[in-house]
Amino acid sequence: MCIRDRSLPGLLMLPPLIGATDSWVKAIGLALAWVLLIGLYGAGMRLLRPPIEARHHWLASLLLSASLGSCLWLALQAWSYELHQQLSLYLGLLPLQCVVLEQAGFFQHRNRLRLAGAFCMALIGLGALRELLGAGTLGSHLGWLVGQPDAGNGWVVLPHGGLHLLTLAPGGFILLGALLAAKRAWAGSWTLNRPPSRK
């Protein structure tokens, strides 16, 4: 992220990006929860910043994110208990992400919507790829998103399954690394093949 400090926000995005993307449904659920939380948090901080002294912004940020995170935790538990059980560890990280992103200037950044969209697309895309290539299905337990406890297997794409390693955390790191390397190689080849600009 092109913000003041790139390291900590990026490190806080990595655990959900690897841990919650072993299935497409979990990735979609976490992306929706994250968008909802940062949207409410951003609106709340916009109202709280003017009347509060700048030195107390971090305390307001902490209290608001913890309150919204607790409400999100309870709301998801009431909506879809199964999805809540799968995402509970990562739901606890979301309020911390809000505080760190606030301190890094994310909510005042002009490209915040594009950055948030890119993170959500990375979550959903990686979740789809890992489930498709790792389990051979797509959309297992899709009913969890609408609060329906089901045991559906989704759409079976590879009848004999896939490479199970990709549904585990090491496989997530391997696939993410391969995708980043492919993106860098593609971008490098595109700049090499571009005609030189005339001066």
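Predicted model: local features only at pLDDT ≥ 70, side-chain atom pairs only at ≥ 80, totals over all residues.
Which handedness, left-handed or right-handed, does the crossing of α3 and α5 have? Residues are numbered from 1 along each chain as its sequence is written, and side-chain values use heavy atoms, without hydrogens and water.

**View 1. Crossing of helices α3 and α5.** The crossing of α3 and α5 is right-handed (the near helix is turned clockwise from the far one by less than a right angle). Helix α3 spans residues 57–79, and its axis lies 8 Å from that of α5 at an angle of about 150° (axes are lines fitted to C-alpha atoms over the stretch in contact, with angles from 0 to 180 degrees between N-to-C directions). The two helices α3 and α5 are therefore roughly antiparallel (angles over 145 degrees).

**View 2. Residues joining α3 and α5.** On the α3 side, Trp-58, Ser-61, Leu-62, Ser-65, Ala-66, Gly-69 and Leu-72 meet Leu-94, Pro-95, Cys-98, Val-99, Glu-102 and Gln-103 of α5 (contact: heavy atoms within 4.5 Å).

**View 3. Cover and end of helix α5.** Helix α5, residues 93–103, has eight of its 11 residues buried (under 20% relative accessible area, 1.4 Å probe, protein chains only). Those buried are Leu-94, Pro-95, Gln-97, Cys-98, Val-99, Val-100, Leu-101 and Glu-102. Gly-105, with a positive phi near 85°, follows α5.

Technical notes: Buried < 20%, exposed > 50% of the residue type's maximum accessible area, 1.4 Å probe, protein only. Helix = DSSP H or I, 4+ residues; strand = E, 2+ residues; numbered from the N terminus. Parallel < 35°, antiparallel > 145°, perpendicular 65-115°, else oblique.
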